[in-house]
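Here's a quick look at the salt bridges and the helix packing in this one. Have the structure open as you read.

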Amino acid sequence: MATYRELLARVKGEIEEVGAAEARERRSEALFVDVREREEWEEGGVPGAIHVPRGQLESRIEGLVPDRSREIVLYCSGGSRSAFAAKALQELGYENVASLTGGFTDWKRNGFPIETPRSLSSEQRRRYSRHLLIPEVGEAGQERLLGGRVLLIGAGGLGSPASLYLAAAGIGTLGIVDADVVDDSNLQRQIVHSTETLGEPKVASAKRTIQALNPDVEVKPYEERLTSENVERIFGEGWDVIVDGADNFPTRYLVNDASVWHGIPVVHGSIYRFEGQVTVFNPGEGPCYRCLFPSPPPPELAPSCAEGGVLGVLPGIVGSLQANEALKLVLGIGDTLQGRLLLLDALGTTIDEVSVQRDPNCPVCAEQPTITEYVDYVEFCQGVRG
Amino acid sequence: MTKVRIPPTLRNEVGGERELIGEGETVREVLEDLSGRYPALEAQLFEQGDLAPFVNVYVGGEDVRTLDGLDTRINGGSMILLPAMAGGAPASRRDAC
């Protein structure tokens, strides 16, 4: 039988240990893993480190670091827990693991950089627990979501599910642009509103529903139509992502031009009867709306949902896909629909995908644009065919 | 023989069909075959002999404007016709989709 001291000494002999100065040298390459308890981590750690308490290390490390050849530096407060942790990772097949001798205490004593993580409250940890369990999101991702700013154009069929899922996910600030009031013909699909809010401005109705769902979310209502006159003020407030659920072509082209000039990615969704389209326009990275549709269709080819109808659940599907794209953009994970247009047919239950490429002659996003300021978008969309 | 998917906004022009079979080796030949049978379609697809700028045509998932336009060969692929959809209400309309 071995004593704790004997066991620790033996384990330390079987792993690699690094001092604070050498560990600091490795910071650009190595992933630092803080294995202390939450309360210790909240008081400060090595900048860029991820936090996995010692007791959860074996169960979570494969999800967080699937590459077993990745260089890892483990640390605790004094170098003992991280030594046992390094031994455990070796046994799991991690090839390049070291333990910081002297731990975070020694790191601090050397005057090396530290940072205090912004941390979730215990209530937030419960609310977002299913996100925290996903390696691609985790606590750092959830904090990104809580710091995220998403602007929704329209609080209608598409904006309803998109705003609800973004709010539930904890997007910290949701802007909503809509000049409309809730009408009883909206309620077949616009689930952010209710019979109780009939006649109210949609932005106020949506705000009430969203804040009941998640008080972490600040809703910024813009009870106005997006126009060339107000777009600079609204877009200029700083948004990570725009979710476009507009109902008309002039607004689509206005959103496009403004987003290109402001460099804000747009998650585009559109619907008609049983069919939907979803894509992501990421200025400077991929195509824009004008690359996809250089000209709006003539009015007879562009009936509205009010004229042509729409299956109530369709905006639920398309708006949820938009929320998914927006969340990935805020988190910086996964592959978005940039360069791909998803075509949904709810009647046949099929999903097709076509590619969308940047138009080198695009009047707005090409290197030599011919449109550099806002135009009269209503006239642009009416005067298509002579 | 090429399967051509018809978008909902063009279905009135083709008797409500969601998909048509067209004959021809190139996009132009297939679309002319369809326009021959459904004359109302022609005005919605062509403008001065070229593809109308508000309609996208995809062969094998690629926009034919990035290939050879109307001369793009079908080579057994299927075609998708796709105009923009916005809901498309006039700007004054206030019923968001």
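A:Arg38 and A:Glu139 form a salt bridge, with 2.9 Å between the closest N and O atoms; the term stands for a side-chain nitrogen of Lys or Arg within 4 Å of a carboxyl oxygen of Asp or Glu. A:Arg38 sits in helix α3 (residues 38-42) of chain A and A:Glu139 in helix α9 (residues 138-146) of chain A, so this pair ties together parts that are 101 residues apart in sequence. Helices here are DSSP runs (H or I, at least four residues), numbered from the N terminus. A:Glu139 is buried, at a relative accessible area of 18%; buried means under 20%, exposed over 50% and partly exposed in between, with a 1.4 Å probe and protein chains only.

Bear in mind that this is a predicted model: local features need pLDDT of at least 70, side-chain atom pairs count only at pLDDT 80 or more, and totals for chains, interfaces and linings use all residues. Residues are numbered from 1 along each chain as its sequence is written, chains are lettered from A and ligands numbered from 1 in the order in which they are written, and side-chain values use heavy atoms, leaving out hydrogens and water.

Over all chains, a search of the whole structure turns up 28 salt bridges. Among them are these:

| Salt bridge | Closest N and O atoms |
|---|---|
| A:Arg38 with A:Glu139 | 2.9 Å |
| A:Glu58 with A:Arg54 | 3.1 Å |
| A:Glu224 with A:Arg233 | 2.6 Å |

A:Glu58 is partly exposed, with a relative accessible area of 33%, and A:Arg233 counts as partly exposed too, at 44%. There's also a network of salt bridges linking A:Glu16, A:Glu22, A:Arg26 and A:Glu71.

Now for the helices. Helix α10 (residues 159-169) of chain A packs with helix α16 (residues 313-331) of chain A at about 40°, their axes 7 Å apart. Axes are lines fitted to C-alpha atoms over the stretch in contact, and angles run from 0 to 180 degrees between N-to-C directions. Contact, in turn, means heavy atoms within 4.5 Å. On α10(A), the contact residues include A:Tyr165 and A:Leu166, and on α16(A) they include A:Gly316 and A:Gly319.

Helix α1 (residues 4-14) of chain A and helix α5 (residues 81-91) of chain A pack at about 55°, with axes 9 Å apart. Among the residues that meet there are A:Leu7 and A:Val11 in α1(A) and A:Phe84 and A:Lys87 in α5(A).

Technical notes: Helix = DSSP H or I, 4+ residues; strand = E, 2+ residues; numbered from the N terminus.
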